[in-house]
Amino acid sequence: MMIVCANSKGGVGKSTLATHLAVWLFDQGFQTALLDTDKQRSSSQWIVEAEPKITIRVADTPEECLKSVQGLVSSHDFVIGDAPGGLEDLSRTLFILADLAIFPISPSILDVRSVAGATTVLRYAQGINGGRPDGRLVLNKMKTRDTISQELKVGAPQLGLQVAQHVVRDLQAYRDAAQQGTVVGRFGRKGSHAAADLDGLFRELVGDAVTNKQNVRRQNVENG
Ligand SMILES: Nc1ncnc2c1ncn2[C@@H]1O[C@H](COP(=O)(O)OP(=O)(O)O)[C@@H](O)[C@H]1O
Ligand SMILES: [Mg+2]
């Protein structure tokens, strides 16, 4: 399964979600790969430190991207693509190759405006691919008592993309974990609130795929 984290905006949490999703799937025993297509290389550098057993590839052109994904999907259960900030060729290629597109947005008017562009590119990929990839908006950096966060939660369903029910709170643990080269799920008590948010979100987004793959694996073991 190929999953891409994308948005036209930078700083919304693409690399944070891509890195955490890759490690979360790896920790459940899956062969996992990360394809970093952002020139800043945030997620690939982070994964090297956090979990060196995850396969890492980088790609700077649509052609490299296609080649990497084709090579990775046959040998891995999950391939996570981290897109650059922007919806140009590289992101479009990732969308066309993906089964699921995750769009993080944070509570800011600029992020809300970015959803229209993301929806257009998603529909383009779906038109080419007969409905694939599935798209989900993920509300990230949400603050409990913040007016914009509450407005975003109420208004998000009208933005034209299906919204994940689980939101991700704005928590210092994400920044601290990144600085220490780890992820919130491996950060002990300091990361426990953040890890709980992500556990709920990832189960919602890929729980069915995880269960299917676990069943296939169990059957293969039973059949010798
Ligand atoms: N839920 C969150 N709570 C707090 N900080 C966050 C959260 N998600 C991301 N961040 C921080 O926001 C910044 C941008 O995140 P990043 O994942 O690099 O975004 P992008 O890849 O979209 O540019 C980073 O400093 C990251 O640690
Ligand atoms: Mg990034």
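Which atom of ligand 1 is 3.4 Å from an N or O atom in the side chain of R175? I looked this up in a predicted model, and I found a nitrogen atom of ligand 1 at that distance from the R175 side chain.

**Entry 1: ligand contacts.** I then listed the surroundings of ligand 1 and counted 15 residues, the closest being G11, K14, S15, T16 and N140. For N140, I noted a polar side-chain atom 2.8 Å from a nitrogen atom of ligand 1. For G13, I noted a polar backbone atom 3.0 Å from an oxygen atom of the ligand. I recorded that the protein covers 82% of the 560 Å² of accessible area that ligand 1 has on its own.

**Entry 2: ligand site.** I checked the pockets and found ligand 1 in the largest pocket. I next asked which elements give two or more residues to the shell around ligand 1. These are helix 1 (14-26) and helix 7 (172-179). I noted that helix 1 gives the most, with 3 residues.

Entry 3: I traced an open sheet of 6 strands, in the order 3-2-4-1-5-6, with parallel pairing. At its edges I found strand 3 (55-58) and strand 6 (134-139), each of which pairs on one side only.

**Entry 4: one strand pair.** I examined strand 1 (residues 2-7) against strand 5 (residues 100-105) and found parallel pairing over 3 bridges. Which residue in strand 5 is the bridge partner of C5? I identified the partner as I102. As background, I noted that strands of a sheet pair through backbone hydrogen bonds.

Key:
Residues are numbered from 1 along each chain as its sequence is written. Chains are lettered from A and ligands numbered from 1 in the order in which they are written. This is a predicted model: local features need pLDDT of at least 70, side-chain atom pairs count only at pLDDT 80 or more; totals for chains, interfaces and linings use all residues. Side-chain values use heavy atoms; hydrogens and water are left out. Two strands pair if DSSP finds at least two bridges between them. Helices (H or I, at least four residues) and strands (E, at least two) are DSSP runs, numbered from the N terminus. A residue is near a molecule or strand if one of its heavy atoms lies within 4 Å of it. A polar contact is a pair of N or O atoms within 3.5 Å; within protein, one must be able to donate a hydrogen and the other to accept it, and residues adjacent in sequence count only if both atoms are side-chain atoms. Accessible areas come from the Shrake-Rupley method with a 1.4 Å probe; for residues, only the protein chains shown count as cover. On a 1 Å grid over the protein atoms alone, a cavity is a set of points where a 1.4 Å probe fits but cannot get out, and a pocket is an open set with protein on both sides within 12 Å along at least five of seven lines; lining residues have an atom within 4 Å of a point. A molecule sits in a cavity or pocket if more than half of its atoms lie within 2 Å of its grid points.
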